[in-house]
Amino acid sequence: MSGSILFLTSGKNVPSSRFRVEQYLPRLRDEGIKADLAPCVPEKYAHPALTPAKVFSRIRSILKAPRYDAVYLERELIVHLTPGLEEMLFSLNRKIIFDFDDAIFLRYENRETNPISTVCSLAKLVIAGNDYLADFANRSADRVVTIPTAIDTDRFQPLKKNRETLLWMGTSSNLPGLNEIPLTGRELRVICNEKPDFPCTYVPWNEEVETDLHGIGLMPLPNTEWSRGKCGYKLLQYMSCALPTIASPVGVNPEIVGESGLLASTPDEWTEAIEKLADPKLRKSLGTAGRTRAEEHYSVNALYPKWRDSILSIL
């Protein structure tokens, strides 16, 4: 097997870059594909004052595009400056793979032509993180495949700590979701890039801490269009570590959880679900079922073949 692909990602520590692209690359290289990574430096979501540096980084990477058989674009190149840079890329290499795992098109609803639609139309292949996103892409793209975000079940391992502590992990922008849950008097551990402004055991995020998961995994989401574009990666991290989970029945959450966790919409339902999981036997059985479901349907081992075959089909 041969071929070369340039991967333009959002940044070194950006979750979508790590989990939609980077964890696959060692396997792809082992199969003989030249897979070069070009993250945005500084990362795409850094302070807007750094935009000139981001543009320079992106243009420098775009100019390399003719050397490769294809270019893999993980989300838009720079938020709110799309599709100009993508059109420049297309002029240099027409074999573009566009991957997105959030409802990023909602950022541009005030524009007459949605730039994410334009990027989808330029791409030879669009990889969407769930069917809701794929439905949007199908309006303008020639070919769309749905591939969930994969979890590395070799890295996210059960710790054999069957605890009743509540756990939430994520970025600070998603912290408001915890307001939906009655947490007074309950032990809550939060792993996040910023300290919350409410009582909890706060653990600053890093790559080592994100696998130190124990307790009851929480994934509350408001019932919004943006939430329906979420790909449920937090749930998969919990499930891979054999944690029992409680999630809002929004977007792909029910599909991911299946019978391996609990769903809750209202404060009363959240309270009931938390109280059910006071039972250590139920916590263990749901955690075991979640681990099995993650391995069989959402692991890197399970999803890599479809991802590989999809991108290699355009070379």
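Reader: Buried means under 20% relative accessible area, exposed over 50% and partly exposed in between (1.4 Å probe, protein chains only). By that rule, is Tyr304 buried or exposed?

Author: Tyr304 is buried, because its relative accessible area is 4%. This is a predicted model, where local features need pLDDT of at least 70 and side-chain atom pairs pLDDT 80 or more, while totals for chains, interfaces and linings use all residues. Residues are numbered from 1 along each chain as its sequence is written, and side-chain values use heavy atoms, without hydrogens or water.

Reader: Thanks! Which ring forms an aromatic pair with Tyr304, tilted at 35° between the planes?

Author: That's Trp307, with 6.1 Å from centre to centre. Rings of Phe, Tyr and Trp (its six-membered ring) pair if their centres lie within 6.5 Å; planes under 30 degrees apart are stacked, over 60 edge-to-face, the rest tilted.

Reader: And where do Tyr304 and Trp307 lie?

Author: Both belong to helix 12, residues 300-312, and three residues separate them, about one turn of the helix. Helices here are DSSP runs (H or I, at least four residues), as are strands (E, at least two), numbered from the N terminus.

Reader: What about Trp307, buried or exposed?

Author: Buried too: the relative accessibility of Trp307 is 1%.

Reader: How many aromatic pairs turn up in the whole structure?

Author: The search finds ten. One of them is Phe98 with Phe100, which counts as stacked because the ring centres are 5.4 Å apart and the planes make an angle of 15°.

Reader: Are Phe98 and Phe100 buried or exposed?

Author: Phe98 is buried, with a relative accessible area of 0%, and Phe100 is buried at 0% as well.

Reader: Changing topic: how many residues does the largest nonpolar core have?

Author: It has 44 residues. A core is a set of buried Ala, Val, Leu, Ile, Met, Phe, Trp, Tyr and Cys residues joined through side-chain atoms within 4.5 Å. Those with the most contacts inside this one are Leu178, Leu213, Leu218, Leu235, Tyr238 and Ile246.

Reader: Which elements give two or more residues to this core?

Author: Strands and helices both do, including strand 7 (166-170), strand 8 (188-192), helix 8 (233-240), helix 10 (267-276) and helix 11 (280-298).

Reader: And which helix gives the most?

Author: Helix 8, which puts five residues into the core.

Reader: Last one: where is Met88 found?

Author: Met88 is in helix 4, residues 84-92. Its relative accessible area is 32%, so Met88 counts as partly exposed.
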